[in-house]
Amino acid sequence: MSRKSNLDALFGAKPLPKPQPAPASDPEAAPAPEPEAFAAANVTPSESEFAAANPRAPDSHVQEPRAQEPRAQEPRVPERNRSGAVRAMSSTLRGLAARADAAAEIEAGTVVIEIEPDRIDDSFIADRVADANDPGLPALVESIRESGQQVPILVRPHPSSPERYQVAYGRRRIQAARRLARPVRAVVRPLTDAELVVAQGKENLERQDLSYIERAFFALRLEEHGFPRATITAAMGVGKGDLSTLISVARTVPAEIVRAIGPAPAAGRPRWMLLAERIKAAQAGRIAGLIADPGFQAKPTNERFTAVLNALAPPAAKRPAPQLWSDEAGRFIARIERTPDRVALSFNETLEPGLADYVLDRLPEILAAYRAGRAKP
């Protein structure tokens, strides 16, 4: 069977009869094709398939091309009308093209889509310390319940799990969406690892809602994952010196203590540095009992930080008992209190009124005599 016959069979048309040689008397004549050749397979539509979508613009300067006369050796074949199968295929192709355009917009991060929260995983670099007593989360839940999610989160396609995503920022909005059992509005972008952590840092820097210890552990995790300092400083928005301090504090404070304390937003850099110094000098396991206490866990995060800081405070030096000076009659007239760097002398004004003024007036004489005595060999 010839290729032409195969095509006719595919579209359901009867094969045309082979052309017969023209009579010798009329070399230009050719036998006409059968009028019903395509009638059964191809129903003539009432109008062109794309007429409504693509109207032909009139152009007075363009002339319709002239139809060429058929060759003497070939019969004139009537124009094939589009079958239902061809129209369905065209519609399918248009649908595929539209979906491809939508997918390209999503991939470029130019549209906001809705994603079920359970399909979103945390970033491979955690930038927050979980706090079961987060006081701001209930307010965020109520805001989204009443007004909807106004600001979309940023995610990327999960690098190893199809149909899943990794969050760059917006973790608390995901938590709120989970509580409300509704999808979360998100922008999807194909971010690299470096672009993801820079986006995390930039968002947190602009919102300024990360506590000092969260920023410190974010910097430490970035370094542990092998990111260069230039990328980390770009993500954190800090200089090299501040970055070194952040990483030093995060290396000193054990992660289990940070998890027990929480983010502690009221404790800034000086107090976290003080806690780090006290942890260095503290004995192992000194605060294990404290952080395991249910009463400690029920406190707000800032109070938990204060409790740990006080628990690790060095013991105060014992102050010696005050001395009492009495006269010949045994009356306690003066009180002497000593510390490592000073001596406090007080007089009982009731028993000896005016004695304090008398001593103060003679302090120059007393000081001179004292110095003269020290100068003698």
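Guide: Start with contact, which means heavy atoms within 4.5 Å. Val197 touches Phe124, Ile125, Phe218, Leu222, Phe227, Thr231 and Ala235, if residues up to four places away in sequence are not counted. The model is predicted: local features need pLDDT of at least 70, side-chain atom pairs count only at pLDDT 80 or more, and totals for chains, interfaces and linings use all residues. Residues are numbered from 1 along each chain as its sequence is written, and side-chain values use heavy atoms, with hydrogens and water left out.

Visitor: Where does Val197 lie?
Guide: Val197 lies in helix H5 (residues 193-207). Helices (H or I, at least four residues) and strands (E, at least two) are DSSP runs, numbered from the N terminus.

Visitor: Why is Val197 called buried?
Guide: Buried means under 20% relative accessible area, exposed over 50%, and partly exposed in between, with a 1.4 Å probe and protein chains only. Val197 has 0% relative accessibility, so Val197 counts as buried.

Visitor: How far apart are the C-alpha atoms of Val197 and Ile232?
Guide: They are separated by 8.4 Å, while the two residues are 35 residues apart along the chain. Ile232 is among the buried residues of H7, with Thr231, Thr233, Ala235 and Met236. Just after H7, Gly237 takes a positive phi of about 70°.

Visitor: How many aromatic pairs does a search of the whole structure find?
Guide: The search finds 2. Rings of Phe, Tyr and Trp (its six-membered ring) pair if their centres lie within 6.5 Å; planes under 30 degrees apart count as stacked, over 60 as edge-to-face and the rest as tilted.

Visitor: What makes the pair of Phe124 and Phe227 tilted?
Guide: The ring centres are 6.3 Å apart, and the planes stand at 35°, so the pair is tilted. This pair links distant parts of the chain, 103 residues apart: Phe124 is in the loop between E2 and H3, and Phe227 in the loop between helix H6 (212-224) and helix H7 (229-236).

Visitor: What is the geometry of the pair formed by Trp272 and Phe305?
Guide: The distance is 4.7 Å centre to centre, with 55° between the planes, and the pair is tilted. Trp272 in helix H10 (residues 269-281) and Phe305 in helix H13 (residues 301-311) are 33 residues apart, and the pair links distant parts of the chain. Trp272 is at 0% relative accessibility, so Trp272 counts as buried. Phe305 also has a relative accessible area of 0%, so Phe305 is buried.

Visitor: Why is H10 called oblique to H13?
Guide: The two helices pack at an angle of about 40°, with their axes 9 Å apart. That angle makes H10 oblique to H13. Angles under 35 degrees count as roughly parallel, over 145 as roughly antiparallel, 65 to 115 as roughly perpendicular and the rest as oblique. Axes are lines fitted to C-alpha atoms, for helices over the stretch in contact, and angles run from 0 to 180 degrees between N-to-C directions.

Visitor: Which residues meet between H10 and H13?
Guide: Arg271, Trp272, Leu274, Leu275 and Arg278 in H10 meet Phe305, Thr306, Val308, Leu309 and Asn310 in H13.

Visitor: How do you know that Ser123 is buried?
Guide: Ser123 has a relative accessible area of 12%, so Ser123 is buried. Ser123 is found in the loop between strand E2 (120-121) and helix H3 (137-147). Leaving aside neighbours within four places in sequence, Ser123 is in contact with Val167, Leu196 and Gln200.

Visitor: Is Glu163 buried or exposed?
Guide: Glu163 is at 62% relative accessibility, so Glu163 counts as exposed. Glu163 lies in the loop between strand E3 (153-157) and strand E4 (165-169), and has a positive phi of about 70° although it is not a glycine.

Visitor: What about Ala264: buried or exposed?
Guide: Ala264 is at 0% relative accessibility, so Ala264 counts as buried. Phi of Ala264 is near 45°, a positive value in a residue other than glycine.
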